[in-house]
Amino acid sequence: MINELFDLKGKVALITGGTHGIGMAIGKVLGQAGAKICVNDRVKERLVSCKEEYAKAGIDAYSLVFDVTDEAAVDAGVTKIEKEVGPIDILVNNAGIIKRIPILDMKISEFEQVIDVDLVAPLILAKRIAPGMIERRSGKIINMCSMMSVYGRNSVSAYAAAKGGLKLLTENMTCEWAKYNVQINGIGPGYIATSQTADIRLNGHPFNDLVMTRTPAGRWGEPEDVGNAALFLASKASDFVNGHILYVDGGILANFGYVKGENEI
Ligand code: NAP
Ligand code: GCO
């Protein structure tokens, strides 16, 4: 009975950028729950390595190349999945990029590139896939938001603008599509150990100290921490959860910070 709540047998899931990092952790857990996993990447070589990695977890992943910002390529990719695997029941808009550049130094083209991948692409994917979900009166869309959906930080303006926008896009999709039994939610990961955060996490970077002191759980998150939250939002267990952003951040958003000292005042 409990298992049935999280059983994804017969479901088809597309996880964009699911070839490594958080996307792959999501793919693995949804695959282990029984879903047929489809992932894309811009780079063909990564499809081979990711298929091997999925196979180690007992998952036969379907992988294909397309850029999420290219509307025609998304349409062709989704059509191929529909023909060769089946209609998509679960869409995880995971692909994302970040550029850490102060506002005055950032070119408008760089800002736009982040907005295109992190905000416009989830809309492109959802606009292509949601009509089928609406017709079948069943579907799950998970948009990968961030703590930067609600927080600012120096040097990540484009990313924060995109992820803040994605939070509100999630809410607006909910307003329009929830009545068709399509649940649209977001996940807001905290600081997770992936290639996206390697530059600020490794080699004694001072940002590592900030994360360790700001995170009440006292550690970086692992991709699997986010994958487990995605399983809930992809499953029957969340059928009345709509327009919600589930923060998986070890408590950072609950914590204004503290002054470290003798009494830790
Ligand atoms: P990652 O390791 O850099 O993986 C990002 C994935 O997105 C890669 O597979 C990448 O493909 C793909 N991608 C980027 N642009 C694409 C495009 N135009 N078309 C197709 N695929 C594209 O990042 P991650 O840390 O796993 O992050 C996954 C998601 O979680 C992102 O949306 C990120 O913003 C979000 N997030 C991450 C953290 C964190 O602390 N790590 C925290 C909050 C939110 P390539 O390999 O080809 O580049
Ligand atoms: C940064 C980080 C973040 C995280 C994440 C936080 O430079 O602050 O890269 O933006 O990746 O999105 O939730």
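User: How many bridges join β6 to β7, and are the strands parallel or antiparallel?

Analyst: In general, strands of a sheet pair through backbone hydrogen bonds, parallel or antiparallel. Here 4 bridges join β6 (residues 182-189) to β7, and the two run parallel. Two strands pair if DSSP finds at least two bridges between them. Strands (E, at least two residues) and helices (H or I, at least four) are DSSP runs, numbered from the N terminus.

User: What should I know about the model and its numbering?

Analyst: It is a predicted model: local features need pLDDT of at least 70, side-chain atom pairs count only at pLDDT 80 or more, and totals for chains, interfaces and linings use all residues. Residues are numbered from 1 along each chain as its sequence is written, chains are lettered from A and ligands numbered from 1 in the order written, and side-chain values use heavy atoms, without hydrogens and water.

User: What is the strand order of the sheet?

Analyst: The open sheet has 7 strands in the order β3-β2-β1-β4-β5-β6-β7, with parallel pairing. β3 (62-65) and β7 (245-248) stand at the edges, each with a single partner strand, so one side of each has no neighbour in the sheet.

User: Where is T19, and is T19 buried or exposed?

Analyst: Buried means under 20% relative accessible area, exposed over 50%, partly exposed in between (1.4 Å probe, protein chains only). T19 is in the loop between β1 (12-16) and α2 (21-32). Its relative accessible area is 5%, so T19 is buried.
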